[in-house]
Amino acid sequence: MPDAVTVAEKLASVKMIVLDVDGVLTDGVITYGSDGSETKSFHINDGLGIQLARHAGLIIAWITGRESSAVNRRAEELKIHHLFTGIANKSIPLAQLMATYEFTAKNIAYMGDDLNDLPALSLAGVKFAPANAVPEILAHADFVTIKSGGSGAVREMCDTILKSQDTFTDALTAYLSEVLHPQN
């Protein structure tokens, strides 16, 4: 774990949060119905963390190796800026996003849980892993959440970044204003 000064410096430059889906936003379990449909569970706390991060001005991207209507629906509900599905090499869309926004590694916080996240994780300046990530990911992580993937790890990540950047209270105020005074 980096020392406190390094932690604050690393988090201060984050402008984009990039997330794997299965094992990070979900617990990694995929359930198939008898009709072939796929079911995934998303933790509501993660969704609110993402909304707060958006209200703080951070760009949110999801990059997943699978195609899933459940993921598409959840991304739409949370107004995710960028969703990439069916991606084998997650570093390719991440590099494209970095070029589009003219971001460097220090502007990217990435959370992944398994070996297929290593290429994208290598591009990020701030590396997060959920508590239940595989050892190879944990070894590369700057931050390991207390919570597991699909159980609030993303919320923990978002809160850590926003509080470090001193934007949490303003993001919460903006979120509550939107909830209390929705525009029709």
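Colleague: Are F128 and F143 buried or exposed?

Modeller: Both F128 and F143 are buried, where buried means under 20% relative accessible area, exposed over 50% and partly exposed in between, with a 1.4 Å probe and protein chains only. Please note that this is a predicted model, in which local features need pLDDT of at least 70, side-chain atom pairs count only at pLDDT 80 or more, and totals for chains, interfaces and linings use all residues. Residues are numbered from 1 along each chain as its sequence is written, and side-chain values use heavy atoms, with hydrogens and water left out.

Colleague: How many aromatic pairs are there?

Modeller: A pair of aromatic rings is described by the distance of the centres and the angle of the planes. Rings of Phe, Tyr and Trp (its six-membered ring) pair if their centres lie within 6.5 Å; planes under 30 degrees apart count as stacked, over 60 as edge-to-face and the rest as tilted. By this rule there are 3 aromatic pairs. One of them is Y101 with F103, which is stacked because the ring centres are 5.3 Å apart and the planes lie at 20°. Y101 is partly exposed, at 30% relative accessibility, whereas F103 is buried, at 13%. F128 and F143 are also stacked, since their centres are 4.7 Å apart and their planes at 15°. This pair links distant parts of the chain, with F128 in strand β7 (residues 126-129) and F143 in strand β8 (residues 143-144), 15 residues apart. Helices (H or I, at least four residues) and strands (E, at least two) are DSSP runs, numbered from the N terminus.

Colleague: Which residues is L97 in contact with, leaving aside its neighbours within four places in sequence?

Modeller: Contact means heavy atoms within 4.5 Å. With those neighbours left aside, L97 touches M16, A61, H82 and F84. L97 belongs to helix α4 (residues 91-101) and is buried, at 4% relative accessibility. L97 and M16 are 81 residues apart along the chain, yet their C-alpha atoms are separated by 9.4 Å.

Colleague: What joins the side chains of D20 and K90?

Modeller: A polar contact is a pair of N or O atoms within 3.5 Å; within protein, one must be able to donate a hydrogen and the other to accept it, and residues adjacent in sequence count only if both atoms are side-chain atoms. Here, a polar contact of 2.7 Å joins D20 to K90 through their side chains. D20 lies in the loop between β1 (16-19) and β2 (31-32), and its relative accessibility of 3% makes it buried.
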